[in-house]
Amino acid sequence: MDRLQLLLVGFPILLFFSDVVNLFSASPRPPPPKLSSSRLHHHHHHHHPQQPPNAHHQIPDFPTDSQSPQIGGLGYGTRVDLKFCASCSYKGTAMTLKKMLEVSFPGIDVVLSNYPPAFPKRVLSKVVPVLQIGVIAVITAGDQIFPRLGMVPPPWYYTLRANRFGSMASVWLLGNFLQSSLQSSGAFEVYCDGALVFSKLQEQRFPSEYELKDLIAKRLPDSSFGSNPGRVVL
């Protein structure tokens, strides 16, 4: 029983510290500023393409296009960031809008990434699994834990202990639901060259394809329509 208690106490502590390390290990950075058309042309001929600064924060299971942006296309030199809640099943909508933008504006760079919840919610979402395991440990070995702490088992302990398996299942399901809610940001934010052009958090809705196409078209520089000195006619 002593080994079981050590496992029940040590395992949630290990999970907690692991989550804390992951929580503070990296923070997302904003999209890079847009370069002018002349600098884009010079950069294309004299430097290799560099990885975006927030590329390692993108969701890994998104398919990426191995081809480089179409030089001289309508959207060449423009970057659109679609940041959305990865745990809210918004991936299908994001992929649809990404394909629409790439077809409407050839050469445009569309990046999909996760929009994390607020920092307090992220912290609480890491605490919930520890509390789950702690409560289950109390239900399982409370008759040994409370005397070691010099405490008399409270009445609620006997209530939970009377239906041990039902109580543990309820704690596990409730904890999973709470953790899922804390990890959801409900966001679908669209940035064009670092500027916010649509926010689901503000509008409380998704953008339509025509609406998003119009918003991005208004943000395209004049150089994309024919005055770009680096434009190549294909």
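What follows is a conversation about a predicted model, in which each description is set against its criterion.

Colleague: How do you know that Cys-85 and Cys-88 form a disulfide?

Modeller: The sulfur atoms of Cys-85 and Cys-88 lie 2.2 Å apart, and a pair of cysteine sulfur atoms within 2.5 Å is taken as a disulfide, so this pair qualifies. The structure holds one disulfide, and Cys-85 and Cys-88 are both buried.

Colleague: Why is the disulfide of Cys-85 and Cys-88 called right-handed?

Modeller: The torsion about the S-S bond of Cys-85 and Cys-88 is about 65 degrees, and the disulfide is therefore right-handed.

Colleague: Why is Cys-192 called buried?

Modeller: The relative accessible area of Cys-192 is 1%, and buried means under 20%, so Cys-192 is buried. Cys-192 is also the bridge partner, in β3, of Val-80.

Colleague: What makes β1 and β3 paired strands?

Modeller: Pairing requires at least two bridges between two strands, and five bridges join β1 (residues 79-84) to β3 (residues 188-192), so these strands count as paired. Strands β1 and β3 run antiparallel. They belong to an open sheet of four strands in the order β2-β1-β3-β4, in which the pairing is mixed.

Colleague: Why are β2 and β4 said to stand at the edges?

Modeller: Strands β2 (109-114) and β4 each have a single partner strand, so one side of each is left without a neighbour in the sheet. From one strand to the next, the twist averages 20 degrees. Helix α8 (residues 209-219) lies across β1, β3 and β4, and runs at about 165 degrees to β4.

Colleague: Which residue of β4 can you describe, and is Ser-199 buried or exposed?

Modeller: Ser-199 is placed in β4 (residues 195-199), and at 5% relative accessibility against a limit of under 20%, Ser-199 counts as buried. Not counting residues up to four places away in sequence, Ser-199 touches Phe-188 and Glu-189.

Colleague: What makes the pair Ser-199 and Glu-189 a polar contact?

Modeller: The side chains of Ser-199 and Glu-189 are joined at 2.4 Å, and the limit for a pair of N or O atoms is within 3.5 Å, with one atom able to donate a hydrogen and the other to accept it, so the pair is described as a polar contact.

Colleague: How do you know that the span of α3 is close to the one expected?

Modeller: Helix α3 (residues 91-104) has 14 residues and reaches 20 Å from its first C-alpha to its last, against the 20 Å expected at 1.5 Å a residue. Its buried residues are Ala-94, Met-95, Leu-97, Lys-98, Met-100, Leu-101 and Ser-104, and the buried residues of α3 pack against β1, β2, β3 and α8.

Colleague: Why is Gln-132 called buried, and what does Gln-132 touch?

Modeller: Gln-132, found in helix α4 (residues 119-148), has 4% relative accessibility, and since buried means under 20%, Gln-132 counts as buried. Beyond residues up to four places away in sequence, Gln-132 touches Val-171, Trp-172, Gly-175 and Asn-176.

Colleague: Which polar partners does the side chain of Gln-132 reach?

Modeller: The side chain of Gln-132 reaches the backbone oxygen of Trp-172 at 2.8 Å, and makes a polar contact of 3.4 Å with the side chain of Asn-176. With a limit of within 3.5 Å, the value for Asn-176 therefore qualifies.

Notes:
Residues numbered from 1 in each chain as written. Predicted model: local features only at pLDDT ≥ 70, side-chain atom pairs only at ≥ 80, totals over all residues. Heavy atoms only, no water. Helix = DSSP H or I, 4+ residues; strand = E, 2+ residues; numbered from the N terminus. Buried < 20%, exposed > 50% of the residue type's maximum accessible area, 1.4 Å probe, protein only. Contact = heavy atoms within 4.5 Å. Axes fitted to C-alpha atoms, helices over the stretch in contact; angles between N-to-C directions. Expected span 1.5 Å × (residues − 1).
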